[in-house]
Amino acid sequence: MRTRGFLHWVLTTLFVLAAIAVMVRLGFWQLDRLAQRRAFNDRVLAAQAMPVLNLNENVPLSDLETMEYREVIVEGTYLFEDEVLLRNQVWEGRLGFHVLTPLQIRGSTWAVLVDRGWIPFEEAQLPARLAFQEQGMVTVKGIIRRGQEHPDFGGVPDPTLTPGQTRLEAWNLVNIPRIQQQTRASLLPIYIQQAPDPAWQGLPYRALPEVEISEGPHLGYAIQWFTFAAILGIGYPFYVKRQLHKAGGYPAKPLEDEDE
């Protein structure tokens, strides 16, 4: 019986130690998330504070991906033959697509993918989509966005091309390297999310993302996990002592000196 009891306490103690280790690890994971969030906030605020980048004057290729959310302006002509759609986009509760069209930059060999906005699902297929083309030289104002090569957790990746298939018309991600494979012009490593314009009232509907600049709940969660670990680590020895007292494992108070 004593061996069984001893084994019980050993297993219980190991379980408690493992639980404490997991809680501490979760606390540090939340601190890592906090550091990432702070770095994201700093990057966004720095980009938003920079002057508008004119892609007709300068194309800093090595730095473009670090400039996400910086304002940008560019002139060029759209290459509608290489236009694609971004799936699962919603506008005021209606399902549709975002239209992604390469823009040949005026005076440059480069093109840039432009998210021109939302169109309804039922008007996304050709020839209905031809009504949304903007011909001739255009000026695009918006913000720089990074592409996405891999889906978020739980997301769906874009399928690979089947034998005989030369292009994907609709995409789950703005995967610029893969879209480049079916685009004749050389694409910049970023895309532009076009800003709304009071003079533009029709489709595609345009809106810029609202970027939340906050630290989120990560610090609070970290404190909670560390607190849980401390409570368990400090409380468990007292619990063991109390249980042993009840079971008679050792006396509740010191033994008196036998000589006395």
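Strand 6 (137-146), helix 2 (176-180) and strand 8 (186-194) each contribute at least two residues to the lining of the largest pocket. Strand 8 contributes the most, three residues. Helices (H or I, at least four residues) and strands (E, at least two) are DSSP runs numbered from the N terminus. The lining has 21 residues, and Arg-146, Gly-147, Gln-148, Glu-149 and Val-174 lie nearest the centre of the pocket. By class, ten lining residues are nonpolar, five polar and six charged. The space in the largest pocket is about 510 Å³. A pocket here is an open set of points on a 1 Å grid where a 1.4 Å probe fits, with protein on both sides within 12 Å along at least five of seven lines; lining residues have an atom within 4 Å of a point.

The model is predicted: local features need pLDDT of at least 70 and side-chain atom pairs pLDDT 80 or more, while totals for chains, interfaces and linings use all residues. Residues are numbered from 1 along each chain as its sequence is written, and side-chain values use heavy atoms, without hydrogens and water.

Three of them are listed here.

| Salt bridge | N to O distance |
|---|---|
| Arg-116 and Glu-83 | 2.9 Å |
| Glu-122 and Arg-94 | 2.9 Å |
| Glu-134 and Arg-116 | 2.9 Å |

Glu-122 lies in the loop between strand 5 and strand 6 and Arg-94 in strand 4, so this pair ties together parts 28 residues apart in sequence. Glu-122 is exposed at 55% relative accessible area, and Arg-94 is partly exposed at 41%. Buried means under 20% relative accessible area, exposed over 50%, and partly exposed in between (1.4 Å probe, protein chains only). Arg-116 is buried at 0%, as is Glu-83 at 4%. Glu-83, Arg-116, Arg-129, Glu-134, Arg-167, Glu-169 and Arg-206 are linked in a network of salt bridges.

Notes. Points joined across faces, edges and corners; volume = space filled by probe spheres on them. Nonpolar A, V, L, I, M, F, W, Y, C, P; charged D, E, K, R; others polar. Salt bridge = Lys/Arg side-chain N within 4 Å of Asp/Glu carboxyl O.
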